[in-house]
Amino acid sequence: MRVIDWSFAARSANWVEPVMLAPRLIEAGHTPAQTEDLLEAVPSWRSAPPSAVTGLVALWTLFRIYKAEYGPQDGRAFRANAAQAGRAWLAFRLGVA
């Protein structure tokens, strides 16, 4: 299966797409633990380097925090919710949740 997110169309490691989906699952009401359990069904997720995943989660979250603060006014609330999901997932991955 191939998933294309046209807003971020780029070539990447095959585990990047599940990482980019995960915050949306958390925003939809799943806990970070439930989200990672769901991702276990994706073979590329199972082979993802944990430190690289955590780094991408941190980068993704920082970008959402920035956009919530400085992005277009009409998208700030949406970005703030996304940033909160990223923070929750990052805290879970770092064991501080």
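This is a predicted model: local features need pLDDT of at least 70, side-chain atom pairs count only at pLDDT 80 or more; totals for chains, interfaces and linings use all residues.
The side chain of Arg24 meets that of Glu27, with 2.7 Å from N to O. Glu27 is likewise partly exposed, at 29% relative accessibility. Both residues sit in helix 1, three residues apart, which is about one turn of the helix.

The count of salt bridges comes to two, and the other one joins Glu36 and Arg93, again at 2.7 Å from N to O. Glu36 belongs to helix 2 and Arg93 to helix 5, so this pair ties together parts that are 57 residues apart in sequence. As for burial, Glu36 has a relative accessible area of 15%, which is under the 20% cut-off, so Glu36 counts as buried. Arg93, with 22%, is partly exposed. Setting aside residues up to four places away in sequence, Glu36 touches Trp45, Trp89 and Phe92 as well as Arg93.

Stepping back to the fold, the chain has five helices and zero strands, which reads along the sequence as α-α-α-α-α. Of the 97 residues in the chain, 32% are buried. Among contacts between residues at least 6 apart in sequence, 66% join residues at least 24 apart. The accessible surface comes to about 6400 Å², and carbon and sulfur atoms account for 59% of that.

Helix 5 deserves a look of its own. Covering residues 76-94, this helix has 19 residues and should span 27 Å at 1.5 Å a residue; its end C-alpha atoms are 26 Å apart, which agrees. Its buried residues are Ala82, Ala83, Ala85, Gly86, Trp89, Leu90 and Ala91. What covers them includes helix 1 (16-27), helix 2 (32-39), helix 3 (43-46) and helix 4 (50-70). Just after helix 5, Gly95 takes a positive phi of about 75 degrees.

Val57 shows who meets whom here: leaving aside neighbours within four places in sequence, Val57 is in contact with Val19, Gly86, Trp89, Leu90 and Arg93.

A search of the whole structure finds two aromatic pairs. In one of them, the rings of Tyr66 and Tyr70 have their centres 5.1 Å apart and their planes at 40 degrees, so the pair is tilted. Both tyrosines lie in helix 4, four residues apart, or about one turn of the helix. Tyr66 is partly exposed, at 47% relative accessibility, whereas Tyr70 reaches 58% and counts as exposed, because the cut-off for that class is over 50%.

Technical notes
Residues are numbered from 1 along each chain as its sequence is written. Side-chain values use heavy atoms; hydrogens and water are left out. Helices (H or I, at least four residues) and strands (E, at least two) are DSSP runs, numbered from the N terminus. The expected span of a helix is 1.5 Å times one less than its number of residues. Buried means under 20% relative accessible area, exposed over 50%, partly exposed in between (1.4 Å probe, protein chains only). Contact means heavy atoms within 4.5 Å. Accessible areas come from the Shrake-Rupley method with a 1.4 Å probe; for residues, only the protein chains shown count as cover. Rings of Phe, Tyr and Trp (its six-membered ring) pair if their centres lie within 6.5 Å; planes under 30 degrees apart count as stacked, over 60 as edge-to-face and the rest as tilted. A salt bridge is a side-chain nitrogen of Lys or Arg within 4 Å of a carboxyl oxygen of Asp or Glu.
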